Amino acid sequence: MPTYKSYIIGFLLSLVLTLTAYFAVVISAPNSLLIILMLAVIQLVVQLVFFLHVGQEKGPAWNLAVLISTFSIVLIVIVGSLWIMANLNYNMSPQQMDDYIMKSENMFK
Amino acid sequence: MENSLKHHQQTTDKHILGFWVYLMTDLLMFAVLFATYAVLRNNTFGGPSARDLLSLPFVLAETLILLTSSFTCGLAIIAAHSKNKIQVMGWFSITFLLGASFLTMELTEFHRLIAEGHGPQASAFLSSFFTLVGTHGLHIAIGLLWILVSLIMVWKRGLTENLINKLTRLAYFWHFLDLVWIFIFTIVYLNAHV
């Protein structure tokens, strides 16, 4: 349920997380990519809880259930795309691409 | 009488849940745009990269503005539950101004990039950048329109139960857009300078 407290805490936490990520990059901290990704995920949870009140509804937590289902699909889409495209990049050099295209379009020299 | 109240609450809950499910489909769309950007971010076709084109201080300002607007939107909803019409209109107006500032800054950035020849057609990186960030910006524009319409409705009709329900869905939409922006900020802008 919305209270001043939840929004103020959420806002201040998000502010700190945002500034931390920003300065981690500005000062070129080691492992900054991992740091900013983790900070982003933490801020996501902070805003889901303090701004969107996920999991706090009266009765069965349908909001939470739908959220988790979607996150699972999102994970598959993103990880799957990155994996497949990286694999294609690795396995197909430009000459191979030309050969593949010529073969599939039935173009012969 | 009690049955009618319970039925009313159930309808409200269904409306909120239905809107939440829509937001989840929107999330999936953004996820696809993120995946596309992640795959194509280094395909600059010999041209400038994200590091060359994107300014960190500028995006920090945008991010703080949008975050604050999400906060003021929350305050508007508290005011709505307290049936305080003036405060609702006040906080939503501030949310609108902050959101409009964000959008103006973003449009300025897009204009600068395009004017310098780095438009969405220049490379795969830029195509995916403009699509991802542009789609978010389009959502913000629609949200701003929705806030304007809501302000007029609150002014004309006052804070009925029905209207508070609608305002709650608007707030969900606006909070959602800030959530997506966290990841644009991180994966597009911060990542460029890592």
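Contact here means heavy atoms within 4.5 Å, and in chain A of this predicted model, residues 24 or more positions apart account for 55% of the contacts with a separation of 6 or more. The secondary structure of chain A consists of four helices and zero strands, so that, by the DSSP runs used to define these elements, the order from the N terminus on is α-α-α-α.

The overall dimensions of chain A were examined next. Whereas a compact globule of 109 residues would have a radius of gyration near 13 Å, the value for chain A is 22 Å, and the C-alpha trace spans about 75 × 45 × 15 Å along its principal axes. Of the 109 residues of chain A, 28% count as buried.

Chain A and chain B meet in an interface to which chain A contributes 41 residues and chain B contributes 40 residues. Between them the two chains bury about 3,600 Å², of which 84% lies on carbon and sulfur atoms. On the side of chain A that touches chain B, the elements that give two or more residues are α1 (4-26), α2 (32-50) and α3 (62-91) of chain A, and among these α3(A) gives the most, with 13 residues. When sorted by class, this side of chain A comprises 31 nonpolar, nine polar and one charged residues. Across the interface of chain A and chain B, zero salt bridges are found by the rule applied, while two residue pairs are found in polar contact, both at pLDDT 80 or more.

Terms used:
Residues are numbered from 1 along each chain as its sequence is written. Chains are lettered from A and ligands numbered from 1 in the order in which they are written. This is a predicted model: local features need pLDDT of at least 70, side-chain atom pairs count only at pLDDT 80 or more; totals for chains, interfaces and linings use all residues. Side-chain values use heavy atoms; hydrogens and water are left out. Buried area is the accessible area (1.4 Å probe) that two parts lose on being put together, summed over both. A salt bridge is a side-chain nitrogen of Lys or Arg within 4 Å of a carboxyl oxygen of Asp or Glu. A polar contact is a pair of N or O atoms within 3.5 Å; within protein, one must be able to donate a hydrogen and the other to accept it, and residues adjacent in sequence count only if both atoms are side-chain atoms. Ala, Val, Leu, Ile, Met, Phe, Trp, Tyr, Cys and Pro count as nonpolar, Asp, Glu, Lys and Arg as charged, and the others, Gly among them, as polar. The radius of gyration is taken over C-alpha atoms; the globule rule is 2.2 Å times the number of residues to the power 0.38. Buried means under 20% relative accessible area, exposed over 50%, partly exposed in between (1.4 Å probe, protein chains only).
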